[in-house]
Amino acid sequence: MSDDKKNQKHKASMEKQKEKVDARIEQASTERGVAILLTGNGKGKSSSSFGMIMRALGYGHKIGVVQFIKGQQLSGEEMYLKEHCPQVDFYQMGTGFTWNTQDRTADIEAAEKTWAVVEPMLKDPSYDLVVLDELTYMIAYKYLDEDMVINAIKNRPVEQSVVVSGRGGGAKLQEAMDTVSEVKEIKHAFKAGIKARQGVDY
Ligand code: ATP
Ligand code: MG
């Protein structure tokens, strides 16, 4: 095929594609905040959440970030947001991974204390975005009541978006969310013995 023919074919196919995309954009007419669940076993759930925080910051939005599980490491995102972004309210559960603490009663207490921070955020229309990092584990371990969490997300202010991240999450939570993405592990450096990397993994 000549280059001319190839170019013509490409143009015709792009025109068709544009028509389809424009029609779909036309159809999406509801204006409201979205509820997003980022799940799966691969790397990229929390980093994606923090990517959305960066987007929201670009528009001067007010953001709440609550991390339900704290590793031993401080994270780059926590250090940066706390130091440079006064429009971000950052809260951490403050206990280690549940397989490190091995203390169920203390974990439940910490989860409930943390939920007491989340609840008012999910009622406050001044928050444009609320990120609930690793919340899924609190539901999986039954540290927090699933229906309570789902109802709070469902009843949040109409313009507020919420992002939940963490492995699992369950069918009920998935059903309640508008967007659900699964990050699938194809490979992970850790499995080849490569250490978690500052600025990449934490
Ligand atoms: P990230 O914060 O890098 O986006 P994540 O939120 O998807 O990762 P988590 O389960 O919260 O994944 O794990 C956090 C830490 O564990 C990160 O340091 C991440 O690189 C690492 N990690 C994520 N997935 C895997 C995996 N499949 N195998 C080993 N380590 C992983
Ligand atoms: Mg994570």
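I count as donors N, O and S atoms within 2.8 Å of the metal (3.2 Å for Na, K and Ca); water is not among the atoms, so sites may look incomplete. This is a predicted model, where local features need pLDDT of at least 70, side-chain atom pairs count only at pLDDT 80 or more, and totals for chains, interfaces and linings use all residues. Residues are numbered from 1 along each chain as written, chains are lettered from A and ligands numbered from 1 in written order, and side-chain values use heavy atoms, without hydrogens and water.

**Magnesium.** I looked up which protein atoms hold the ion, ligand 2, and found S46 (OG) and E134 (OE), lying 2.1 Å from it. S46 sits in helix 2 (residues 45–58) and E134 in the loop between strand 4 (129–133) and helix 6 (135–140), so the pair links parts 88 residues apart in sequence. Those helices (H or I, at least four residues) and strands (E, at least two) are DSSP runs, numbered from the N terminus. Next I checked burial (under 20% relative accessible area, 1.4 Å probe, protein chains only). S46 is buried at 18%, and E134 is buried at 17%.

**Ligand 1.** I found 13 residues around it, the closest being K43, K45, S47, E185 and D201; to be listed, a residue needs a heavy atom within 4 Å. Then I went through some atom pairs. A backbone N or O atom of K45 is 2.7 Å from a ligand 1 oxygen. A side-chain N or O atom of E185 lies 2.4 Å from a nitrogen of ligand 1. For D201, a polar side-chain atom is 2.5 Å from an oxygen of ligand 1.

How values were computed
Polar contact = N/O pair within 3.5 Å; in protein donor to acceptor, adjacent residues only side chain to side chain. Buried < 20%, exposed > 50% of the residue type's maximum accessible area, 1.4 Å probe, protein only.
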